[in-house]
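Dear colleague,

I am passing on the structure below, and would be grateful if you could look through it alongside the notes that follow. Please read them with the display open.

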Amino acid sequence: MSTLSIENISMRFDLPNGTHVQALKDVSLELNTGELLSVLGPSGCGKTTLLNIVAGFLAPTEGQIILNGHTVTGPDAERGMVFQQGALFEWMDVRENVSFGPRMKGQNEAQWGAHVDHLLDVTGLGDFKDKAIYELSGGMQQRVALARCLANDPDVILMDEPLGALDALTREKMQGLVLKLWKETGKTIILITHSVEEAILLGERLLVMAPRPGRIHKEYNLPFADMGVGADLREVKQAEGYAETREEILEMIWDMEEEIMGRSEDTK
Amino acid sequence: MIGLLILAVYVAIFFVSFLVVRFLVRRTTQDYTSLKTVTFGDESAVTSNRVASIVSVVTIFLIWGSFTGSNWVPGFLHAPGPFVGETSFTYTLETEDGTRDDATVHVRVFDFGETAQKFDVDEGDGIAKDDAVAMSASRSTTILFDKNDEVKRSDGARVVAIDGVEFNGSRRVKSPAGSFSLTDKGAISFAPPRGLQMEPIWLPPPEAVVSRAVEISNEGYRDSTLWKHLGYSLFRVILGFFFGALLGIPLGYAMGLSDWFRGWFEPIVEFMRPVPPLALIPLVIIWFGIGETGKIILLFLASLWIMAIAARAGVSGVNISKVHAAYSLGASKFQIMRYVIMPNSLPEIFTGARVAMGVCWGTVVAAELVAASEGAGMMIMVASKFQLTDIVLMGIILIGVIGFAIDILMSKAENLLVPWKGRS
């Protein structure tokens, strides 16, 4: 059963000097309900562009996105976004941020109150619900962003490097939280990340993209996300196959980076 | 001359108080900043020295009082004042045939504000007779010494010496009584020592300004009390700013949200922004006269562009992630406007409002200087025509205080309404 299909997406930007950039070329993908897909790739491989197309912020030059049987034409509450940072509303407190989606739909507190408070508890924000956003640490702010997205009950959650700005320890805790919420809610998640470890730990499926033009280079199906639910992520890193997979992917990306560097040096 | 002296005194107080405070006052608290060893070049380690601020303000009043002979400042701190009281000098008269005779001129110098009352003296004998002269402090006077002399200037008599010192009047000579010269027609021009104090007509002492303020707030000036004058100015500013914000903020939003609005209004806004509101005063007077309408329209124009640009900057300053997040959470365009763009632009709008209020306050005073029947600017303009320097000074001080108070109120309101400013 497939809920999200990415069908032959190509993206081409025309530049003012007459040339053009092929950000994505012929990307196709099927994603089933409840799958967690992590997307990895060197800078400029078009992974954020792909996410923006799925979210509906950009229209692809070719191909289409189909979710639950209809074509995506713009942003919608069925596809929630979690950004790296800066996307929270500072003029609202934590609870107002988390309940933003339901409130915009015109629901009253009787309808959303219990759900929102439950999410605040699950994300560990129970004691901070009346705090202002700027009083929270970076990790706390990302918890609010996660809870806000979940409160709206989207079918697909799109995460654009949600943990990229956090320190290593907070990041590890948040990775556990993402896995826990994924299993509890059964949401389909696409996670863009720069961290190979994070992609392996969280991605049930892992997509490595290559640049120029942006395309799918290799896809993996990994067992570590299921292992990691409710477990110590450091133990998962000791699991059989983890180190090999990591080395393989690192090598792959390293080669791509080398190629980019070589090319840009040739043009000099 | 006096200006340089005042500057020297000021600079001296600056350095002396700096040294005194540096050596006598030790920082008692041990907060984080006080423990920094690198402070030169670390702007965050430089906090305003409260003692310096207090000494600075006291110094201004001290110098003001000292050089105006204020009774708020103890007498020994006064700069030497102008000579007041009785003095005298002798002049030597020489007739055409070479006969000489001495006569004494008795001078009574009256203090500022007193009327110089004439008086009589015993004329004595000889060809030259004694004279009596009444005059005001800090002035020079022309003494027609030969009014009562037996030989007059028209008969060829002339002054050849003052207090026994020979002089021909080509340059000023000094004696203990004051300085002397001769006019073209041979009369004595006499000026007693002026001292270093300012005349009230140039700079009244602080207490005169205060008592004038009390007087005007009770009795009024030009048919209106002080409060009415200030109230008129404030009323114009608030009304002009209100209309400017009422139109400018939506205009700025429209320019930030629609390409057509931006294209249409950008040339107008960019052209009007660098035009100082003061340059519009003549046109506004030609079109609307000197009444309230013209002034409010002028202030409206002064604040309109500032508020439009602030609102536009507020819209363009919104982090695109916030807008994307809101759309992904199912918000409509109207909801994005109401819950994301408007609150997000508040800090910029407050900054714009502070600037606009400052500009409006300056503009209203300038407009009232040109033409008005009430207002703070009109009050000081009319007073200056009658050389009522105390009213002028009082007006300037009150205009400054009110401008300062407006800015403080705006920043308090900002902290209250936009607590997240600069913290995201």
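**Strands and sheets of chain B**

Thr87(B) stands opposite Val107(B), a residue of E2(B). Please keep in mind throughout that this is a predicted model. The two strands concerned, E1 (residues 85-94) and E2 (residues 100-110) of chain B, pair in the antiparallel sense, and ten bridges join them. They belong to an open sheet of five strands in chain B, which has the order E3-E2-E1-E5-E6 and mixed pairing. The edges of this sheet are taken by strand E3 (131-136) and strand E6 (165-166) of chain B, each of which has a single partner strand, so one side of each is left without a neighbour in the sheet.

A further open sheet in chain B has four strands in the order E4-E9-E8-E7, with antiparallel pairing. Here strand E4 (141-143) and strand E7 (173-175) of chain B stand at the edges; each has a single partner strand, and so one side of each lacks a neighbour in the sheet. On average, and with direction ignored, neighbouring strands of this sheet are turned by 30° against each other. Between E4(B) and strand E9 (residues 188-191) of chain B the pairing is antiparallel and runs over three bridges, with Thr141(B) standing opposite Phe190(B) in E9(B).

**Helix packing in chain B**

The axes of H6(B) and H7(B) come within 9 Å and cross at roughly 140°, which makes H6(B) oblique to H7(B). Their crossing is right-handed. On the H6(B) side, Ile281(B), Val284(B), Ile285(B) and Phe288(B) meet Thr293(B), Gly294(B), Ile297(B) and Leu298(B) in H7(B). By class, the residues of this contact between H6(B) and H7(B) divide into six nonpolar, two polar and no charged.

Helix H7 (residues 292-316) of chain B also packs with H9(B), at an angle of about 155° and with the axes 8 Å apart; the two helices are therefore roughly antiparallel to each other. H7(B) passes H9(B) in a right-handed crossing, and the residues of their contact comprise 18 nonpolar, seven polar and two charged.

In the loop between helix H6 (281-288) and H7 of chain B lies Gly289(B). Is Gly289(B) buried or exposed? Gly289(B) has 12 other C-beta atoms within 10 Å, and since a residue counts as exposed at 12 or fewer, Gly289(B) is exposed. The C-alpha atoms of Gly289(B) and Ala372(B) are separated by 9.8 Å, although the two residues are 83 residues apart along the chain.

Helix H10 (residues 376-385) of chain B holds several buried residues, namely Ala376(B), Gly377(B), Met378(B), Met379(B), Ile380(B) and Ala383(B). The cover over these buried residues of H10(B) includes helix H4 (226-257), helix H9 (333-370) and helix H11 (389-417) of chain B. After H10(B) comes Gln387(B), whose phi is positive, near 55°.

**Where the chains meet**

Between the two chains, 20 residues of chain A are in contact with 17 residues of chain B. Strand E6 (79-82) and helix H3 (100-104) of chain A each supply at least two residues of the side of chain A that touches chain B. That side of chain A has 13 nonpolar, four polar and three charged residues.

With kind regards

Key: Residues are numbered from 1 along each chain as its sequence is written. Chains are lettered from A and ligands numbered from 1 in the order in which they are written. This is a predicted model: local features need pLDDT of at least 70, side-chain atom pairs count only at pLDDT 80 or more; totals for chains, interfaces and linings use all residues. A residue is buried if 20 or more other C-beta atoms lie within 10 Å of its own, exposed if 12 or fewer, and partly exposed in between; C-beta atoms are placed from the backbone. Two residues are in contact if their C-beta atoms, placed from the backbone, lie within 7 Å. Two strands pair if DSSP finds at least two bridges between them. Ala, Val, Leu, Ile, Met, Phe, Trp, Tyr, Cys and Pro count as nonpolar, Asp, Glu, Lys and Arg as charged, and the others, Gly among them, as polar. Axes are lines fitted to C-alpha atoms, for helices over the stretch in contact, and angles run from 0 to 180 degrees between N-to-C directions. Angles under 35 degrees count as roughly parallel, over 145 as roughly antiparallel, 65 to 115 as roughly perpendicular and the rest as oblique. A crossing is left-handed if the near helix is turned anticlockwise from the far one by less than a right angle, and right-handed if clockwise.
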